[in-house]
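Thanks for coming, everyone. Let me put the structure up, and then we'll walk through it.

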Amino acid sequence: SSGINAEYGEVCYDRYIQPTLGEPSQIGRHDFEFYKKRFEQRLKERLPKFQNILVKPFALGDIPVYVDFLMYEYLDQLYMFSPESFKDCENVKNYLKRFESLPQLKEWFASDEYSKRATCVNAPFAVWNGK
C-alpha cells in the first residue's frame with residue numbers, strides 16, 4: 001500500500017470488518033488514531049507536490065477541465081479528513097475555493113442536497129465518514 005489513496009483506505013476501513021483490505025493492526029482491533037497519525041504524516045509529505053502543481057487557476061490552465069473534477073473530489077475528501085494537514089498549502093486551498101466558486105457549481109455547493117451528500121464520502125461500513 002504505497003499510494004496515498006491506499007493509505008487513506010487503511011485509515012477509513014476496518015480490516016477486521018473487511019479482511020481483504022490489508023494487514024490488521026498489532027493490537028487486535030482497528031487502531032484508527034494510529035492509522036490516522038501515520039496517514040497524516042504521509043499526506044504532509046505528498047501535499048507539497050499538489051502545492052507545486054496547482055499554481056494556475058485550474059489543473060491545465062485558466063478554465064476547468066475533466067481532471068479538475070477528479071482532483072477536486074480527491075483533495076476535498078483529504079481536506080475533510082485532515083484540514084490541519086493543509087495548513088501550509090495555500091495553492092491547494094485556493095484551488096478548492098476556485099472550484100467551489102465556479103458559477104455553474106456555486107449553487108450546488110450551497111444546496112441542502114450537497115450538504116447531505118458531503119457528509120458521507122465513504123462506504124456505509126467505513127470507520128471514518130461512512131454514515
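Which residues have the most contacts inside the largest nonpolar core? Hold that thought for a moment. First, a caution: this is a predicted model.

Start with the overall layout. The protein chain has six helices and zero strands. Along the sequence, the pattern reads α-α-α-α-α-α. The chain has 131 residues, and 40% of them count as buried. Now take contacts between residues at least 6 apart in sequence: 59% of those join residues at least 24 apart.

The residues are F39, L75 and F81, in a core of 31 residues. Elements giving two or more residues to this core are α1 (4–12), α2, α3 (66–81), α4 (90–100) and α5 (103–110). Helix α2 gives the largest share, six residues. As a general point, nonpolar side chains tend to be buried together in soluble globular proteins.

Let's zoom in on F39. Leaving out residues up to four places away in sequence, F39 touches I4, E7, Y8, V11, L78 and F81. Note F81 in that list: F81 is also among the residues with the most contacts inside the core.

Next, Q51. This residue lies in helix α2, which spans residues 32–53. Is Q51 buried or exposed? Buried, because its relative accessibility is 16%, and the cut-off is under 20%. What does Q51 touch, beyond residues up to four places away in sequence? The answer is D88, C89, E90, N91 and V92.

Notes
Residues numbered from 1 in each chain as written. Predicted model: local features only at pLDDT ≥ 70, side-chain atom pairs only at ≥ 80, totals over all residues. Heavy atoms only, no water. Helix = DSSP H or I, 4+ residues; strand = E, 2+ residues; numbered from the N terminus. Buried < 20%, exposed > 50% of the residue type's maximum accessible area, 1.4 Å probe, protein only. Contact = heavy atoms within 4.5 Å. Core = buried A, V, L, I, M, F, W, Y, C linked by side-chain atoms within 4.5 Å.
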